[in-house]
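Dear colleague,

Please find the structure below for your records. My notes on it follow directly after it.

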Amino acid sequence: MADHILVMKNITKEFPGVKALDNVNLEVERGEIHALVGENGAGKSTLMNVLSGTYPYGTYTGDIIYNGEECQFKTLRDSEEKGIVIIHQELALIPELSIGENMFLGNERKGRFGIDWDRTYHEAEEHMKQVGLKDEATTLIKDIGTGKQQLVEIAKALSKNVKLLILDEPTSSLNEEDSRMLLNLLLDFKKQGMTSIIISHKLNEIAYVADKITVLRDGATIETIDNANRDIDEDRIIQGMVGRELSDRYPAREHHVSDEIGMEVRNWTVYHPIYTEKKVVNNISFNVHKGEIVGFSGLQGAGRTELAMSIFGKSYGTNISGTLIIDGKECDLKNARGAIEAGLAYVTEDRKGNGLVLAETIAINNTMARLEKVCNRGVIDVDQENAVAEDYKEKLRTKTPTVQQSVGNLSGGNQQKVLLSKWMFADPEVLILDEPTRGIDVGAKYEIYCIMNDLVAQGKSVVMISSEMPELLGMCDRIYVMNEGNLVAEMPASEATQEKIMAAILKSDKK
Amino acid sequence: MNAKTLLKKYTMVIALVVVFILFAILTGGRLLYPQNMSNLLLQNAYVLVMACGMLLCILTGGNIDLSVGSTVCLVGAVAAQLLAAGLPAIPVILLGLVIACVIGVWQGFWIGNIHIPPFICTLSGMFLFRGLGRAILGSKTVSINNQTFLNIFASYINIPGVDSGDVKWSAFAVGIIVAVGLLIFTAMNRAKKAAKGYKQASAVSEFAKIIVIDALVLAYTWKLAHYKGIPVMALWVLAVVFIYAFITSKTAFGRYFYAVGGNEKATKLSGIDTEKVYFMAYLSMSILAGLSGLLMAARIGSVNGDTGTSFEMDAIGSCFIGGASAYGGSGTVGGIMVGAILLGVINQGMSIIGLDNNWQYVVKGAVLLVAVIFDVVSNHKTGKAG
């Protein structure tokens, strides 16, 4: 009989009106890496919150057996005492505090008088070494990248004497290189006997690290697949997740790239807004034709978002120089307003922070970038506004009972659709999509791809920034590769492969 | 709409009704005397006016303007001194408003364009303008005797013939016109929506609401008719309230305040000039504070160095009691009017009973806290922060 560190039996959890989990079973063996996959809203995070005590004992039904004993966790602290640590998708680190301070936050290393700082930083660095982090423990969190921040979270978990580590979408904000490093770290920990549960949308990563994969759909366990031999079939997982066969992950499109150029950028250079001597974008020239999807590949921090935002009405950076030509006309855009009027739209990668007003309704968000279109001499025609929102809701198949729903109540995929609606309503000629499918499920991704195809079919130009190479290869006509602020390669998608893109990045690093 | 959501939506209105009935009983009906009903409006005119401006500031992200009480004093002081020097009323009023504008531009510039935290900037204004006002008054109380000035702000509408008797019929006539007008407006609005095929609320609920409002209008104007008629100050207040209600609910300009409070970065990337939004919030606030200064000066008939002390707190308190979010992004003019009137009724009721001034502060403080606790807790329950 297998040695199960954790058995969750018949877990059922109801929210008002919704059964989030319906008799879910999960068995995790000691020392394995167990992946939990499912569409957004399938119940993965809810299940983990039940396990960690975020939803206290009594608010759900079913049994949790951990290390052979039945557990009734009432708070997060209860589960942490037993060595269960959960790392959430949104990192819970305080930017203005140091790595060491963050690591022992709420768990301070006390001396006789207050905090023992020497011990704090010494122990912090011990744990940092375990995760391969070479910075000083006194470095502030805001001064290190997201990849390293994720490592700090793991080091923090180690400091709590973790036995069962739960990672919720650990790589969603990491680039491929950092992701791979993180996954290898998990494999190392596994050799030392630690058990991990990983929630992820990225099937290739799961195929790489997981020993077993449990698929959830609509709050129920679909199946647990064995991946001990690393021979898993991605299509089988997808089928389990969506409940239907996705014959093609990228919708077919007829390529009608026009000869006309939608947008051209020449010799574009941008400096960092705070460290003004640092070049973030270095002398970049590129173009996108009408009816074309152009992809931007690169690692995190390559300067893609910065390039896009600086083009979009100088919304990022200082000392911006270069020429911008939209639809044959040279433009000098001073702010976002100017960019919108020139026919440009920038769909941010950070939909909660930079994209949507979460407390407002779908309708209000939908019209925000071009409110004047539903206004008559500055007075809003609310009826027309609602009609517009209804229209986009139908067109993009946003799942919501009404357009008066607050955007904050929608799932990630539907929020992304509202964000797209907002910028489609602005009626741009050139759309810059920054990580348009980040953190959303397979079904919603497919729908977003379809919307992009519709847009280029109408003769618009689309620039797509993505850290997922398969997505770029599947969707784009042409791919630019950036690294450290430089444009290092350009290739037609038909000739591009993941290896070629990585090679371009690595070669440029050596120079 | 079930009873629960109805209760939640109209909590403050229900609270107002309860408090009103409570004080009507405690005062042995004296609260309902025509004179007291008329005073309820006059004594709170400055709160109603300034709460509108404060709402815009609070919408941008829970930001407040601490300087308005001092602006009231400064503008009042300038007006009183100029009138005492013999200048005619109209130029003095215009000059007072220009000074308020200058103050607004001053604060709006620092807050909007230079990004000085509003709390600090307006705290500084609170000292600055109070000091200037006192200097202009020379530490004296200056009385206002200019009859035109007093007529413009603090007289009553009196139509010879109609209003010569004990009952000022013009007031009640206005009440009837407004009540009928509201009914017709609602009916026309529904017809328009029906013609375009838009969704609309059920006829019963919408007309029930209008009939309740009509009844209140008629009852209140009936009371006014039995005192001195419609105060001119009421017209000033109504004008401000209507303009601000319109701006916040119907215009693109008003929408931007909500957007900035909801998510400033997203608003900026949507091509909206967020600096201008802050600037306009503080500019409009100062202009309304200036107007309040003129209203106060005329009502009291004099200005001294303490005029307008702690007015900012009344305006801020009304907004939060009236459901404006302390984090910005939500709140309506209708809501804050209910908040302001609730505060006014409590003030007036306690004064009539003869409750000690010190205890009045205690009660006001408690009401404010309860209102904000309610706001935070109920928002949390609906999952806004969860």
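Which residue is the bridge partner of A:Ile33 in E8(A)? The partner is A:Ser196. Before going further, please note that this is a predicted model, in which local features need pLDDT of at least 70, side-chain atom pairs count only at pLDDT 80 or more, and totals for chains, interfaces and linings use all residues. Residues are numbered from 1 along each chain as its sequence is written, while chains are lettered from A and ligands numbered from 1 in the order in which they are written.

Strand E8 and its partners

Helices (H or I, at least four residues) and strands (E, at least two) are DSSP runs, numbered from the N terminus. Two strands are said to pair if DSSP finds at least two bridges between them. Strand E3 (residues 33-37) of chain A pairs with E8(A) in the parallel sense over four bridges. Strand E7 (residues 164-168) of chain A also runs parallel to E8(A), and five bridges join the two. In that pairing, A:Ile166 stands opposite A:Ile197.

A residue is called buried if 20 or more other C-beta atoms lie within 10 Å of its own, exposed if 12 or fewer, and partly exposed in between, with C-beta atoms placed from the backbone. By this rule, five of the five residues of strand E8 (residues 195-199) of chain A are buried. In a regular strand the side chains alternate between the two faces of the sheet. Both faces of E8(A) are covered, with A:Thr195, A:Ile197 and A:Ile199 buried on one side and A:Ser196 and A:Ile198 buried on the other.

An open sheet in chain A

Six strands of chain A form an open sheet with mixed pairing, in the order E16-E19-E20-E13-E21-E22. Its edge strands, each pairing on one side only, are strand E16 (344-347) and strand E22 (486-492) of chain A. Within the sheet, strand E13 (residues 293-298) and strand E21 (residues 478-483) of chain A run parallel and are joined by five bridges. A:Ser297 stands opposite A:Val481 in E21(A).

Domains of chain A

Chain A is divided into domain 1 (4-242), domain 2 (248-343 + 428-511) and domain 3 (350-426); such bounds come from an automatic or database domain assignment. The centres of domain 1 and domain 2 of chain A, taken over C-alpha atoms, are separated by 33 Å. Their contact takes 16 residues from domain 1 and 10 residues from domain 2 of chain A, where contact between two residues requires that their C-beta atoms, placed from the backbone, lie within 7 Å. On the domain 1 side, helix H5 (146-159), helix H6 (176-191) and helix H8 (234-242) of chain A each supply at least two residues.

Contact between the chains

How many residues of chain A are in contact with chain B? There are 25 of them, and they meet 23 residues of chain B. Helix H10 (336-341), helix H11 (351-355) and strand E18 (379-380) of chain A each supply at least two residues of this side. The side of chain A that touches chain B divides into 13 nonpolar, eight polar and four charged residues. Here Ala, Val, Leu, Ile, Met, Phe, Trp, Tyr, Cys and Pro count as nonpolar, Asp, Glu, Lys and Arg as charged, and the others, Gly among them, as polar.

Nonpolar cores

A nonpolar core is a set of buried Ala, Val, Leu, Ile, Met, Phe, Trp, Tyr and Cys residues joined through C-beta atoms within 7 Å. The largest one has 181 residues, of which B:Val49, B:Met50, B:Ala51, B:Met54 and B:Leu55 touch the most other members. Helix H13 (residues 274-300) of chain B gives the largest share of this core, 16 residues. Another core, of 63 residues, lies apart from it and includes A:Ile5 and A:Leu26.

Two residues with positive phi

Most residues other than glycine have a negative phi. A:Asn10, in strand E1 (residues 4-15) of chain A, has a positive phi of about 50°. A:Asn10 counts as exposed because 12 other C-beta atoms lie within 10 Å. A:Asn23, in strand E2 (residues 18-29) of chain A, has a positive phi near 55°. A:Asn23 has 14 C-beta neighbours inside 10 Å and therefore counts as partly exposed.

Yours sincerely
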